[in-house]
Amino acid sequence: MVMHIRGLPLQDGNDPDPYVKTYLLPDPQKTTKRKTKVARKTCNPTYNEMLVYDGVPKGDLQQRELRLSVLSEEGFWENILLGEVAIKLRELDLAHEKMGWFALGSRGHGTL
């Protein structure tokens, strides 16, 4: 579940229109892509959205990495990367809920 994000950077002096995109890596065909709704004009969005991965065996999940990217919707073709984090699922106890903040890093400047 993606709940909250805090302290996103301003984009050209304006609040971004952020959304979250996740993948279970490796995923060459990008079949595990999930997205939240866009939160309009905020640096501190609240989503409370469940991003479900049905049909992935637990043993397979533990071999994957959850890549979570936060992007700002900037038009029809450009989405600006605001930050991302990679979560190694083998380091989590998937039988129990994990709640906490994850620090977003960057892949560099530019668009996706």
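Tutor: Let us start with Lys-88, which is partly exposed because its relative accessible area is 32%, where buried means under 20% relative accessible area, exposed over 50%, and partly exposed in between (1.4 Å probe, protein chains only). The model is predicted, so local features need pLDDT of at least 70 and side-chain atom pairs count only at pLDDT 80 or more, while totals for chains, interfaces and linings use all residues. Residues are numbered from 1 along each chain as its sequence is written, and side-chain values use heavy atoms, with hydrogens and water left out.

Student: Which residue of S6 is the bridge partner of Glu-65?

Tutor: Helices (H or I, at least four residues) and strands (E, at least two) are DSSP runs, numbered from the N terminus, and two strands pair if DSSP finds at least two bridges between them. Here S5 and S6 run antiparallel and pair over 9 bridges, and Lys-88 in S6 is the partner of Glu-65. The hairpin that S5 and S6 make has 5 residues between the strands, and within that hairpin Gly-75 takes a positive phi near 145 degrees. Strand S6 (residues 79-88) is mostly covered, with 8 of its 10 residues buried.

Student: What do the side chains of Glu-65 and Lys-88 form where they meet?

Tutor: Side chains of opposite charge can pair when their charged atoms come close. The term is salt bridge, a side-chain nitrogen of Lys or Arg within 4 Å of a carboxyl oxygen of Asp or Glu. Glu-65 and Lys-88 meet in one, at 3.3 Å from N to O. This pair links distant parts of the chain, for Glu-65 is in strand S5 and Lys-88 in strand S6, 23 residues apart. Glu-65 counts as buried because its relative accessibility is 18%.

Student: How many salt bridges does the structure hold?

Tutor: There are 6 salt bridges. One of them joins Arg-40 and Glu-73, whose closest N and O atoms are 2.9 Å apart. That pair also links distant parts of the chain, with Arg-40 in the loop between S3 and S4 and Glu-73 in strand S5, 33 residues apart. Arg-40 is exposed because its relative accessible area is 52%, whereas Glu-73, at 30% relative accessibility, counts as partly exposed. Asp-17, Arg-40, Lys-41 and Glu-73 are linked in a network of salt bridges. Another salt bridge joins the side chains of Asp-60 and Arg-64, at 3.0 Å from N to O; Asp-60 is partly exposed at 29%, and Arg-64 is buried at 16%.

Student: Is Ser-72 buried or exposed?

Tutor: Ser-72 is buried, because its relative accessible area is 0%, and its place is in strand S5 (residues 65-73). To read its surroundings, take contact to mean heavy atoms within 4.5 Å. Not counting residues up to four places away in sequence, Ser-72 touches Pro-16, Asp-17, Pro-18, Tyr-19, Glu-78, Asn-79, Ile-80 and Leu-82. A polar atom of the Ser-72 side chain lies 3.1 Å from the backbone nitrogen of Asp-17.

Student: With which side chain does the side chain of Ser-69 make a polar contact?

Tutor: A polar contact is a pair of N or O atoms within 3.5 Å; within protein, one must be able to donate a hydrogen and the other to accept it, and residues adjacent in sequence count only if both atoms are side-chain atoms. Ser-69 reaches the side chain of Glu-84 in this way, at 3.3 Å. Ser-69 lies in strand S5 and counts as buried because its relative accessibility is 6%.

Student: How should I read backbone angles?

Tutor: Look at the values residue by residue. Asp-12 has a positive phi of about 55 degrees although it is not a glycine; Asp-12 lies in the loop between strand S1 (2-4) and S2 and counts as exposed because its relative accessibility is 78%. Asn-48, also not a glycine, has a positive phi near 50 degrees; Asn-48 lies in strand S4 and is partly exposed at 41% relative accessibility.

Student: What kind of peptide bond joins Leu-25 and Pro-26?

Tutor: The bond between Leu-25 and Pro-26 is cis, with omega about 5 degrees, and Pro-26 is found in the loop between strand S2 (18-25) and strand S3 (34-35).
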